[in-house]
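I opened the notebook to record what I looked up in this model.

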Amino acid sequence: MKKSIFLVVAVFLLKGMFAQQHPNIVFIYADDLGYGDLSCYGATQIQTPNIDRLAKQGLRFTNAYATSATCTPSRFSLMTGTYAWRKKGTGIAPGNASLIIPVDKITLPAVLKKAGYQTAIVGKWHLGLGGPEGPDWNGEIKPGPREIGFDYSFILPATVDRVPCVYVENHHVVGLNPADPIQVSYKEKVGDWPTGKDHPELLKLKPSHGHDQTIINGISRIGYMTGGNNALWKDEDIADVLTERSKQFIIEHRSRPFFLLLTTHDIHVPRTPHSRFAGQSSMGARGDVILQLDATAGQITRTLDSLGLSENTIVIFSSDNGPVVDDGYQDNAVQKLNGHRPYGNLRGGKYSAFEAGTRVPLIVRWPAAIAAGTVSDALFSQVDMLASFAALTKQSLAEDEATDSFDMLGALLGKSKKGRPYIVEQANALSVVKGHWKYIEPKSGAAKNNDVNIELGNAMQPQLYDLSKDIGEKNNLAVKKPSLVKELSALLETIRQSDNERKRN
């Protein structure tokens, strides 16, 4: 009898401990995926059933934003809770850049690590590595992800179209032979490896603009590299490698709270789908890697299901910026769109101050707390992830920490329809969205990037759009509504000058 009572009490205590355990967090962060690239966001030429399932089982945002229309600054803001435009040197980073995130400041992984999470990043990094002299590819590569809060990292140092084309696990290049050291330069050629410019006959995927330097795996890249033959990745296998490393981390850490940031290469260029996906869409390589991305999401969620972790795991899916179709390689993406609109009904795309530059898909599933099939039009920015997860884990932020990050946990979990008071978008120009009004500051620069065929939103006159009636930003109302232009211009300038947005609001 006593033994039975003891067992009942033990089970009760264990259940109580589980109920109080912080939820696991898996954040799948896609690259260059547009607002209209998923079938749950209206795409009809392609189907993304695994990502759609996340939306059906959780919460789908219609007004969620990356902070920037390009990758390095948007990732910087996600990690630090501060706008990248506040710090010099946070533009698109070369592959041999130094770490741009301060190691003495709070970060998203550090917040969760402090709360007892095991933390990992698997995938694209593109935030620099090493000290002022940059990374030592043949030695210990630090500081990097581990110095800003990740217990484990398995990363692509920059982007797949940039050298060096190797994986870095924690502090070292994976599979490097010391007798074949790596050399990297973004200024001049190193070694005798052929380039796409000089030897186009060696290419299996030719560049459309730029991307004509060192050839690796039959693809010419940005930058020059030689050495490290044993460590070179095979482009077609990258998605599988990152997915398997992610699944391994989940399996190994299933018994305690974990945070996994899976930053996929898909759907960035060069688009080289595995043979399982090549030719499976009607949209060429770009469509094929969307299918590959969807399969990655499916493998991760099925792993959680198989381990009984889905109920108490927050799965987030989003993108670092908006879409681009031809971003430097002749992969027939433009010719094979077949009516598909990567930007949905938005104007612009990657690099652009218009909405398609930064408005991105955002899906959040947490069966234990989020009602299935919820749709939210609350304004949400990725810069708010840090403060929101601090709130989730009942941590307070100091006044000088993550100063642009607001606690939007209620909106993130679908408990509140109230979003942040405004959105700041970064391209060449800064923009602010408040309510249904969007203001783009006057800025010099080309009106269009002809290489990628995207309108950039640069103009010497202020721009004002009513997004409730003109989501495509075609009707500039600045001349008709000067008082509103003045109000939003002043708001943007106040934000620019403020060193603590969270305190001000």
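Accessible areas here come from the Shrake-Rupley method with a 1.4 Å probe, and for residues only the protein chains shown count as cover. With that noted, I read an accessible surface of about 20100 Å² for the protein chain. Carbon and sulfur atoms hold 51% of that surface.

I noted that this is a predicted model, in which local features need pLDDT of at least 70 and side-chain atom pairs count only at pLDDT 80 or more, while totals for chains, interfaces and linings use all residues. Residues are numbered from 1 along each chain as its sequence is written, and side-chain values use heavy atoms, with hydrogens and water left out.

Next I looked up burial. Of the 505 residues in the protein chain, 61% are buried (under 20% relative accessible area, with a 1.4 Å probe and protein chains only).

I then checked the contacts (heavy atoms within 4.5 Å). Among those with a separation of 6 or more, 72% join residues 24 or more positions apart.

For overall extent, I found that the C-alpha atoms fill a box of roughly 85 × 65 × 45 Å along the principal axes.

Last came the pockets. A pocket is an open set of points on a 1 Å grid over the protein atoms alone, where a 1.4 Å probe fits, with protein on both sides within 12 Å along at least five of seven lines. Lining residues have an atom within 4 Å of a point. What lines the largest pocket? I counted 22 residues, with V325, Y343, G348, N453 and I454 nearest its centre. The second largest pocket is lined by 16 residues, and T82, P102, K105, D400 and A402 are the closest to its centre.

Conventions
Buried < 20%, exposed > 50% of the residue type's maximum accessible area, 1.4 Å probe, protein only.
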